[in-house]
Amino acid sequence: MRCKDMKNFFNCHAKQNFFCNFVVMRIIRHIIYAAATLLLTTSCSDRTTISTDDFTEKIFTPQHASGFEIRGDGEGNTLIAVSRPWQGDGEMPEQKLLILRSGDAKAAAEYDGQTITGAARRVVCMSSSHVAMLDAVDCVDRIAGVSGKRYITNLHIAGSDKVCDVGYDPNLDFERIVSLRPDIVLLYGVAGENTATTAKLRELGIPYLYIGDYAEQTPLGKAEWLVAVSEIVGCREHATQVFDTIEARYTALRDSIAQAARRRPSVMLNTPYQDVWYMPSDDSYMVRLIEDAGGRYIYSGENPSGGSKAIGLEEAYMLVTDADLWLNTGQCTDMEELRQSTPKFVSAGVFRSGRIYNNNRRRTAAGGNDFWESAVVHPDVVLRDLATIIGGGEEPLYYYQR
């Protein structure tokens, strides 16, 4: 073989070897990539079940509310844990809602609890305060159903044909609830779980969660529950900003009232129910508002904690006689109705002076009261009303009327 031919021969084989090596390397690289991908996929799906023990990351710890917290698992999923879903002194079963936002949904299939995937788009609200919380974060359009629609003051709900009334406990219209295809039902409990309702919702496969704002004793504690509700609809960050603004306004007004040196007028609360007068405890929501607004609760020290205390009409008469102000007079809308409701009290000085105010300025034609709806998320507005009343100011009132 000539040198030239031999050179061409070796050059040809070198090219072929280079091409072969290149192909082999490409194949090996693809194999390595595929193996790595398989390994990663396998490791990500190793968690075949989700447990509450996985949620150790603190996502949101309330500063004022005592009944909930939000935890994360580090993979984008969150867990709302409700430790105080209703009022009571005994140990309560913790309510949990898993919000799955990442990973395989099959991992939650074995989770023994309430679960939703992603942000809830269709919500049924069993309390008007839930409506107010969603409205506060611009998510009122997520509401598909409510309990007692004609008593709701929110204009979006009251004027919408798309929002259905699902009835009341214990006569809920479950067929209607199913037809609404809700992602979740928000419940409230006064003194315990409505087992008939929750059992039926579990049977129907409809997730639910008890919202415990009703059980909170402080104005800002009640309002902070809007963060828990907002986590369900996927706007927690916006909700924390909204709450921070509410908190700042409330504390600024409270502190300015506390710094002003002036007499604290005595305040009587409520009217009798079936000849029994219920007086709230010193640590209650309403008493906190009165104290922060510069008033003095006339029954202070007699019922430090533990909820409302029943007193007789004779004791109530003595309290009304000594009071500078009388607030929250039940269903009465004017002095004549109050006179008919409590005829023995017309001789009291506060009755003659007319310094009697009720929190029913904003009512529906059916008798719904916005104080028990939106005031929950606007404690700063309630405080401003009470500060005006107690301080004898002339500013317009929002929830109250004389």
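Student: Why is arginine 249 called partly exposed?
Tutor: Its relative accessible area is 45%. Buried means under 20%, exposed over 50%, and partly exposed in between, with a 1.4 Å probe and protein chains only. Arginine 249 therefore counts as partly exposed. Please note that this is a predicted model, in which local features need pLDDT of at least 70 and side-chain atom pairs count only at pLDDT 80 or more, while totals for chains, interfaces and linings use all residues. Residues are numbered from 1 along each chain as its sequence is written, and side-chain values use heavy atoms, with hydrogens and water left out.

Student: What makes aspartate 380 and arginine 249 a salt bridge?
Tutor: A salt bridge is a side-chain nitrogen of Lys or Arg within 4 Å of a carboxyl oxygen of Asp or Glu. Here the closest N and O atoms are 2.6 Å apart, so the pair meets the rule. Aspartate 380 is itself buried, because its relative accessibility is 9%.

Student: Why is this bridge said to tie together separate parts?
Tutor: Aspartate 380 lies in helix H13 and arginine 249 in helix H8 (residues 236-259), so the bridge joins parts that are 131 residues apart in sequence. Helices (H or I, at least four residues) and strands (E, at least two) are DSSP runs, numbered from the N terminus.

Student: Why is the pair of phenylalanine 371 and tyrosine 400 called edge-to-face?
Tutor: Rings of Phe, Tyr and Trp (its six-membered ring) pair if their centres lie within 6.5 Å; planes under 30 degrees apart count as stacked, over 60 as edge-to-face and the rest as tilted. These centres are 5.9 Å apart and the planes stand at 80°, so the pair is edge-to-face. Phenylalanine 371 is buried at 1%, and tyrosine 400 is buried at 0%.

Student: What makes the pair of tryptophan 326 and phenylalanine 345 tilted?
Tutor: The centres are 6.3 Å apart and the planes stand at 45°, so the pair is tilted. Tryptophan 326 lies in strand S17 (residues 325-327).
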